Amino acid sequence: MPLIFDSLYLTASLLGSPYLLFKILTSKRYRSGLDQRFGIIPERLSSKPGIWVHGASVGEVITAKSIIEKIDEEFPEWETFISATTNTGFSIAERNFSNKNVFYFPLDLSWITEKVILKKSPNFILLIELEVWPNFLISAFKNNIPVIVVNGRISNKSVKAYRAISRISKDFRNSLINEKNVFCARTELDAQRFRNIGIPGKRIFITGTMKYDNIPTHIDENISKELAELFHINDDDLVLVGGSTHAGEEEILIRVFERLNKTYPNLKLILTPRHVERTRDVSRLIDKTGFVPVLKTEVESSRYKWQNTNREIILIDTVGDLGKVYSISNFVFVGKSLVPSGGQNMMEPAGLGNSVIFGPHTFNFKEEVALLLKNSAAKVVKTEEELFETIEFFIKNPDIAKEMGLKAQKVVNEKRGATDRNIEIIRNIIKN
């Protein structure tokens, strides 16, 4: 039955081959880890029992951090190793788990998933959230490897898709409802949806979301001070950060900054594009609008000579530094939200007590947005003008801005604890 999925994948690849070939030839992003995606990875030689932890992208990899640390601490006789699907997720995994085996998740072709599972020989697989690839799940089932989903969430759309796949593939259905699998759902709604696709109720647990456990509520003062000094930010300066911005948002932030800077010359702007490969485009945009782009890598290598004018805009062209940047900010606009793309993680700046602002397009973070807004811990802006007015209001009313930041931090602190609940379930599995 895996032949069904292999045929579908290969047909899609053939139809899209000119485009895929062009991307592979012209984009490092598409070439990265290509050999590993085809299963060309070293065999795991350790005699320790193994836990394969998979996080698709940056968010899932970061979420995995706390649970991997707890497993390593409590069960040192076990070996954890990590895979990621996206380039950015892989980079974050390498940075956070430099002492571990990190590799790209294999393409979902049956002979590749089978080969990789045999090479890595895990005792069980730990999926962060739910990224179900049919052949991978079938290969795990055939090799008698339990799959544990933590931080599990599933949409109505996915429920329909899994039901449809189950109807055409008995192997997939059996691998999904395998009685050895465990599903740790974030909410009762997610748990119900797992039941709706046939998962036995006794294999489903509601443990909450782990992402709050990984959100820092404090950054070492020495790290923040060092970053502020690197960027020539003084104690009396105000810092506006555009976090995880997408195309179209940097231009808005630059215009807002230009208007505000005329009245508040001590205001600094730091832009952190969601995709580091957009650095060149954003740098050109900054230059085109009459400002000077200051790249973090250039400052670190002493290639940039500071002009110390209010025409400089700092551009973060590195991966994994967003939390540090938030720690030196006063106001944070969280990107992918003024454009209709679903938003980015607004809880990271919230955890650090920032005044958090985002646009109306946050459908990927409905729960987080509802929590913050319910507690008057964030501000939604619908237009460029509202963004300008909100930031100016915060500048004029620092006590109100600070109070909103403290409320946001409180929201994060009150949602912690899911990792411990998940570890309790994993502990029972390991001991049995």
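**View 1. Strand 5 sits largely enclosed by the rest of this predicted model.** Six of the six residues of strand 5 (residues 147–152) are buried, so the rest of the structure largely encloses it; buried means under 20% relative accessible area, exposed over 50% and partly exposed in between, with a 1.4 Å probe and protein chains only. Helices (H or I, at least four residues) and strands (E, at least two) are DSSP runs numbered from the N terminus. Residues count from 1 along each chain as its sequence is written. Local features need pLDDT of at least 70 and side-chain atom pairs pLDDT 80 or more, while totals for chains, interfaces and linings use all residues, and side-chain values use heavy atoms, leaving out hydrogens and water.

**View 2. Strand 5 pairs with strand 4 and with strand 6.** Strand 4 (residues 124–128) runs parallel to strand 5 over four bridges; pairing takes at least two DSSP bridges. Here leucine 127 stands opposite valine 149. Strand 6 (residues 182–185) is also parallel to strand 5, over three bridges, and its phenylalanine 183 is the bridge partner of valine 149.

**View 3. Helix 20 has a buried face.** Ala401, Met404, Gly405, Ala408, Gln409, Val411 and Val412 are buried.

Conventions. The arc is that of the directions from the helix axis to the C-beta atoms.
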